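Thanks for coming. I will talk through one structure today, going from a helix to the sheet and then to the charged pairs.

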Amino acid sequence: MLSKNIALVTGASAGFGKAIALQLVQDGYKVIASARREDKLKNLASLYPEDIFPLKLDVSKPLTLQETLDSLPENFQTIDVLINNAGLALGIKPVPHIDLNDWDQMIDTNIRGLIHLTQFIVKGMIERKKGHIVSLSSIAGTYPYLGGNVYGASKAFVTQFMLNLKVDLLKTPIKLTTIEPGLTSGTEFSEVRLKDKEQAQAVYANVDALTAEDIAKTVSWILGLPDHVNINRIEMMPVCQAPGGLTVSKTTD
Ligand code: 8X3
């Protein structure tokens, strides 16, 4: 019997990561579902005990990454697919009304965590001449908006890092894809960002936003393409969102 491909999904306790983990199980992968919240991961893994391994992992603590990965059971060690999904937005206030701790935390998770984990995993992919890394960026990395400041900049980093990685790995068969979603409902994104449930719900009131399942289906499609096809980046928005709208202020504070 052919052994199943193994995918590591970060931020798999909820939202995009959970939807992607479930989709990949349906697609025939064995999935390492990683996140900080172990109880949620265990609930997820109990749905498919053979195919989901719950891994407590905090990508923002790079010093623990190697030890945590080394602790994986033998049948989950050769990772074929890495889904860099863990990431967060904190705050939506413009400069200077920001909290530097929020900025640091976004940099530690969205940037430092992602690049460290990628470096650990990509070594094995290069050795085995097989692998696909998919990183979740955001439209906020391309289009500026009020209060997007470091969140948007961190996602621009993700997209550019992945494009540069494609050049570094050009002589390998490893595939690299960045997905840049826009407004997506049904996740904890806005609640984490705004630290307020009601305000977060208001973001999605009366709009038909993207869903985590839309993102998961896109990942599934990307991973299922023939070996010679690489999707570099995908920008996704709900129909009700537009990527334009330049603003000019005729007054100053
Ligand atoms: C999430 C998309 O538009 O809220 O990354 O920044 S947006």
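This is a predicted model: local features need pLDDT of at least 70, side-chain atom pairs count only at pLDDT 80 or more; totals for chains, interfaces and linings use all residues.

Staying with α5, its buried residues are V150, Y151, G152, S154, K155, V158, T159, F161, M162 and L165. As background, an α-helix has 3.6 residues a turn, so residues three or four places apart point the same way. The cover over the buried residues of α5 includes the helices α4 and α6 (189–194), along with the strands β5, β6 (175–181) and β9 (233–236).

Helix α8, residues 212–223, has 12 residues and reaches 17 Å from its first C-alpha to its last, close to the 16 Å expected at 1.5 Å a residue. Buried in α8 are A212, I215, A216, T218, V219, S220, I222 and L223.

Now the sheet. In what order do its seven strands come? The order is β3-β2-β1-β4-β5-β6-β9, in an open sheet with parallel pairing. β3 (52–56) and β9 stand at the edges with a single partner strand each, so one side of each has no neighbour in the sheet. On average, neighbouring strands are turned by 15° against each other, direction ignored. Helix α2, residues 38–47, packs on this sheet and touches β2 (30–35) and β3. The direction of α2 makes about 175° with that of β3.

Let me take β4, residues 81–84, in detail. On one flank, three bridges join β4 to β1 (residues 6–10), and the two run parallel. Within that pairing, A7 stands opposite V81. β4 is also joined to β5 (residues 132–136), by four bridges, again running parallel. There the bridge partner of I83 is V134.

Which way do the residues of β4 point, and are they buried or exposed? V81 and I83 point one way, L82 and N84 the other way, and all are buried. In general, side chains in a regular strand alternate between the two faces of the sheet. β4 also takes part in a right-handed β-α-β unit, made with helix α4 (residues 100–128) and β5.

On to the charged pairs. The count comes to eight salt bridges, and I will go through some of them. The side chains of D51 and K4 meet in one, at 3.2 Å from N to O. D51 sits in the loop between α2 and β3 and K4 in the segment before β1, so the pair ties together parts that are 47 residues apart in sequence. D51 counts as buried because its relative accessibility is 13%, below the 20% cut-off. K4 has a relative accessible area of 37% and is therefore partly exposed. K4 and D51 also belong to a network of salt bridges that links them with K30.

Another pair is K195 with D102, where the closest N and O atoms are 3.2 Å apart. K195 is in the loop between α6 and α7 (197–203), while D102 is in helix α4, so this pair ties together parts that are 93 residues apart in sequence. K195, at 56% relative accessibility, counts as exposed, whereas D102, at 10%, counts as buried.

D58 and K61 form a further salt bridge, with the closest N and O atoms 3.3 Å apart. K61 is partly exposed, its relative accessible area being 46%.

M237 and E180 are 57 residues apart in sequence, and their C-alpha atoms are 8.5 Å apart in space.

That is the tour; I will take questions now.

Conventions:
Residues are numbered from 1 along each chain as its sequence is written. Side-chain values use heavy atoms; hydrogens and water are left out. Buried means under 20% relative accessible area, exposed over 50%, partly exposed in between (1.4 Å probe, protein chains only). Two strands pair if DSSP finds at least two bridges between them. A crossover is right-handed if, with the strands pointing away from the viewer, the path from the first strand over the helix to the second runs clockwise. Contact means heavy atoms within 4.5 Å. Axes are lines fitted to C-alpha atoms, for helices over the stretch in contact, and angles run from 0 to 180 degrees between N-to-C directions. A salt bridge is a side-chain nitrogen of Lys or Arg within 4 Å of a carboxyl oxygen of Asp or Glu. The expected span of a helix is 1.5 Å times one less than its number of residues.
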